Amino acid sequence: WFHSISNISFTSAPEKQTKDTDGFVVIDSLDELRGYANYNNMKIRMKPGLYNLNTAHFRHFIELTGCDNHWDLSGVTISASMELFKQFGWQEGSAGFYCVIDLIGDRNILEGLTVKNHGEGHGIQSRNKLFNITGSDCIVRNITALTSGSNPWGYGSLFGIGGPVVQKMNGIRIGQPAKNTQLVSSRVQ
């Protein structure tokens with residue numbers, strides 16, 4: 001198996017930060033969100049609005065890897081293109097799934113974010129997710145996952161093991177190694 005990545009650039013956090021009176025750094029783009037994603041001990045607030053996510057560098061489109069952060073994304077909607085759920089092809093194994101928001105870091109607070117899809121069709125495999133949470137001691141509060149793109153539509157356990165090929169879009173997954181992570185006042189539709 002071989003995969004090559006070229007012509008890639010990463011956004012670093014800006015040197016001059018705009019802060020609210022309560023100490024939150026204010027951002028207004030997905031590039032800035034990615035730029036702060038691996039920082040520690042930050043308070044980040046994104047300006048409310050709809051942000052279309054049409055590019056991804058990896059299967060996990062936005063990876064929040066930093067620790068001890070507070071992400072206030074109240075009023076923010078990230079709409080991910082269905083094309084991104086096919087971009088890197090099929091991969092076997094536990095790391096082969098696609099997701100929009102991957103909360104990996106520990107002791108983080110993530111609140112207020114809505115994630116949805118746009119575009120036609122479905123992903124190429126059955127483990128697509130809007131939110132994947134593996135960080136420990138995190139609080140995830142008031143988030144919304146608006147899923148679309150499952151095939152067949154309305155997939156449930158009706159098909160069972162050994163049923164037809166299913167490409168499903170999961171809302172929220174909390175998985176290992178997460179411990180003591182709380183999901184509060186959130187919804188999946």
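**Aromatic pairs, core and sheet**

Author: Y36 is buried, at a relative accessible area of 1%; buried means under 20% relative accessible area, exposed over 50%, and partly exposed in between, with a 1.4 Å probe and protein chains only. This is a predicted model, in which local features need pLDDT of at least 70 and side-chain atom pairs count only at pLDDT 80 or more, while totals for chains, interfaces and linings use all residues. Residues are numbered from 1 along each chain as its sequence is written, and side-chain values use heavy atoms, with hydrogens and water left out.

Reader: How is a pair of aromatic rings described?

Author: Such a pair is described by the distance of the centres and the angle of the planes. Rings of Phe, Tyr and Trp (its six-membered ring) pair if their centres lie within 6.5 Å; planes under 30 degrees apart count as stacked, over 60 as edge-to-face and the rest as tilted. F61 and F85 form an edge-to-face pair, with 5.1 Å centre to centre and 70° between the planes.

Reader: Which parts does the pair of F61 and F85 tie together?

Author: F61 lies in strand β4 and F85 in the loop between β6 and β7, so the pair ties together parts that are 24 residues apart in sequence. Strands (E, at least two residues) are DSSP runs, numbered from the N terminus, as are helices (H or I, at least four). F61 is buried at 3% relative accessibility, and F85 is buried at 0%. Together with Y98, F61 and F85 form one aromatic cluster.

Reader: Which residues touch the most other members of the largest nonpolar core?

Author: A nonpolar core is a set of buried Ala, Val, Leu, Ile, Met, Phe, Trp, Tyr and Cys residues joined through side-chain atoms within 4.5 Å. The largest has 38 residues, of which L53, I78, V100, I101, L110, L113 and F131 touch the most other members. Elements that each supply at least two residues of this core include β1 (25–27), α1 (30–36) and β10 (128–133). Beyond four places in sequence, the contacts of L113 (heavy atoms within 4.5 Å) include I78, I101, F131 and T144.

Reader: In what order do the five strands of the open sheet lie?

Author: Two strands pair if DSSP finds at least two bridges between them. The order is β3-β6-β9-β12-β15, with parallel pairing. At the edges, β3 (49–53) and β15 (187–188) each pair on one side only. T144 belongs to strand β12 and is buried, at a relative accessible area of 11%.
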